[in-house]
Amino acid sequence: MLDTVIDGLKKGLILLFSLDREVLGITLFTLKITGTATLISIAIALPLALLLALRDFPGKKFVISLANLGMGLPPTVVGLWVSLMLWRSGPLGMLRIMYTPAAMVIAQTVISTPIILALSTAALQQIDRKLRWQIMALGASPLQMLFLMLKEARYSLMAAVMAGFGGSISEVGASMMVGGNIQNYTRVLTTAIVLETSKGHFDVALALSFILMFLAYAATLWLTFIQQRRYRNVYY
Amino acid sequence: MKHIKKTWFLVASVMILSLTVVLSGCGAKTEPAKTGTSSSGSDAANQAGSQTSPPENKELILSTTTSTQDSGLLDVLIPIFEEKTGYKVKPIAVGTGQALAMGEKGDADVMLVHAPDSEIQLVEKGAAINRQLVMHNDFIIVGPKDDPAGIKNAKDSVEAFKSIAEKQALFVSRGDDSGTNKKELELWKKAGLGKPEGKWYQSTGQGMGATLDVASEKAAYTLTDRGTYLAKKDKLQLEILKEGDASLLNIYHVMQTNPEYIKKNNPNAARMINEHGAKAFVDFMISPDTQKIIGEFGKDKFGQPLFFPDAGKDENSLGK
Amino acid sequence: MYIIEGQNISVRVGKSRILDVKEIGLEEGRVFSVIGPNGSGKSTLLRVMALLQNSDDGYVYFRGERVLPRDRIRVRRRMAVVFQEPLLLDATVEENIIMGLKIRGVDAATAKLRAGFWLERFKVAHLSGRWARALSGGEAQRVSLARAFALEPEVLFLDEPFANLDAPTREALLLELSDVLHSTGVTTFFVSHDFKEVAFLADKTMALMDGLPVQEAPPERILDHPSCEKLAKFVGIENIWPAKILEGRSETLIADINGLAVAVKKSGDLEDERNAGAGCRVKIALRGDKINLIPRDTHGSLDRGCRMDGRISQNCWSGRIKSIFHFGSTVRITVDCGIDVSTSVPVQFAHTFKKGENVEVRFSIDAPAVLVE
């Protein structure tokens, strides 16, 4: 066991630092897919979150509960449903996007949107109602109000986005099912890890897993860093 | 009313704002890196002025089993096919059950699988056509070196299974409805055991590679294809204990989805089936050049081939 | 003309009406305060006047013009609000002040200059680079006040700005604020439940009870002559007795409190009081600090000092000390004169009195208030 890890670590590092074309390609492709899915999720979730947090309307609690439920949506379930929709035999088959990066983006968007929606709604709702009065009293226009609200919740919103990104980048079931893990086309880090492991290429699998962990860690580190930065000012 | 409109305008602006912010933040990094042969394959074929003109519908979905993908054979064959014909193959490696289902529903154009009984059912139904024998590899029974069930001396694989069951020696099954799994269940049946049950019989629900790892860790017997075993041999504490008899053969056929059959249930899906591409793929798989490559595959790495090309042979003559 | 005025302000929550003010107006350059217990609707009234909340009926007028929905932001930008909580944004102190100015389109250089000036004025200039959320309560509220004044509002709204501060901080800030209000002369709408603050800052006070204005007068007037029993209790009047008017026509009315006669000089500004005729059932309210307690010498006459030139100038009752309670720096003494009379005396005079001793209770005829229910 330990031998495998050390061996894998060694080969993994070599693969990493020699910038192996395939490993690099998979890594960049993973970032592209998950990045796109995250951006789309933000575009869907953020306005909805603002609406949920700032306005009252009938059925609001129901929508929030749906988002919270969606947070725990298993990726394989998403993969199954998206597959059923996108297969040629499915209702959206004519789009011909099954086993393409687009299908993966769709699946990952379905996974990360509820996460970002639920967390950013909570983040915006945590802002004191009275602070909204204060911002209004300062003379803010509705646009200025939204801008200040987003700014006020920026750290929590970033955390929400990171959670969505993390949820997407680390899921394997949906990407495998709707992407098909096609070499040089729809292979991402997680599906490549599964494949290399089943092939018995533990070194490559480990190298990929280190990249995945590094990406996840880098994102967290960045978030922690900017969250902590504001507290530094306190002590001058 | 006016107020609501305004709010929506704002919401939209924020959406665009957030998009542009994030895009400008990481756009440069996420540039796609198209490596390898996938995108250049058809172009190269065009430039080389290959035999066929570029096909109108390039996309060809090949449903196959994880074992073919895991062996690496497809990574060798598909680029050659793509270069020769200009098609763009999407190999989807899934369990045999799903691979066949995808063909039956029209979600795949061509299938490369190794579950003859199920294949024949599909052909009889009319869902699959142009079924051709491509190659075989063989299954082997592997287990711990000390061979607690003593299967080395068994007459054949069926006897070996009988004695494993009698001794209640630990056996790991894939249990994933794959071709290998089906083969294994068939052997249990032949051994007169039906579906085995008990503590000694464990199911992983995973691919062959993972199942071999589990068997190795637990010092258990398992049924595996030779290719996967050879590829992983160095990392396993498992030995070949039984091999060679006809019932252990793993026979691969290629066959096309039948658009006429699909049309009955789902005209939309039928329209998308790439019949020409599928035929081209079947022809490619049984062509002498390809058969030669199949016969050579794995020799350099393992000292012995992983597959035996069988195109044109009688299926029943194999293993005799 | 009022600088800001409300007509028929009314707010309902569900079916119940929590605020109903027919008329309210702020004169330019004056400090107008609203006082009332928690839940009386005073903060709601502030938000309606500050255009942060809609009134279900009626209108708010700014400099004589009715404020239409489309004008709200424009008018808000001529006003400023300081709430009970500092409500600073998640940014530095200076950025907080500049943000408000930026929203109103003040250019960066001017904004920085004004921020510096007002932070200095509220003695928090040294904190300008600090993160606003890391300030103490007092510091944060100073920043919040500086933010409001930096906006150079035409009307300043203060919603219990000292309620969350500890006593010494509150007192210091109260003095500073009073100073700034006088020097700027800004029209101020000040909401508080603390009568001391109101008495110190306000020119005029509206008392609000259950969403309804019950009195509008200078603060000291409300303190001594509240218009109703509820308000009397709220402003801390210790003695409220049921009484019957014996003689109500003349300038000084005479009432009977459980057999004790009391003379009250009419204050004249309360309609109810003017209309109270003989036989009317009323309540008499008397602040304890208006009472003189005199140890009664054994041979003194009861009437001594209570009549001058044949006219009553003081009420003089005799009684026996029933209880003495020490409350830190003051001592609360209750005297049984047939009715209980409570007063507070400074602790250094407390030794003069002993439980069970006879004393004389004296208070001016100006002191009591007549409450007509």
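In chain C, 43% of the 373 residues are buried, meaning that 20 or more other C-beta atoms, placed from the backbone, lie within 10 Å of the residue's own. Keep in mind that this is a predicted model, where local features need pLDDT of at least 70, side-chain atom pairs count only at pLDDT 80 or more, and totals for chains, interfaces and linings use all residues. Residues are numbered from 1 along each chain as its sequence is written, while chains are lettered from A and ligands numbered from 1 in the order in which they are written.

Chain C holds ten helices and 22 strands (DSSP runs, H or I of at least four residues for helices and E of at least two for strands, numbered from the N terminus). Its C-alpha atoms fill a box of roughly 80 × 45 × 40 Å along the principal axes. Take the contacts (C-beta atoms, placed from the backbone, within 7 Å) in chain C between residues at least 6 apart in sequence: 65% of them join residues at least 24 apart.

Now over to where chain C meets chain A. Chain C puts in 21 residues and chain A 18 residues. On the chain C side, α2 (72-76), β6 (79-82) and α3 (93-103) each supply at least two residues.

Chain B splits into domain 1 (56-137 + 250-312) and domain 2 (139-248), with bounds from an automatic or database domain assignment. The C-alpha centres of these two domains of chain B are 27 Å apart. Between them, 16 residues of domain 1 of chain B are in contact with 16 residues of domain 2 of chain B. On the domain 1 side, α3(B) gives the most, with four residues.

Note on methods. Contact = placed C-beta atoms within 7 Å. Buried ≥ 20, exposed ≤ 12 C-beta atoms within 10 Å, placed from the backbone.
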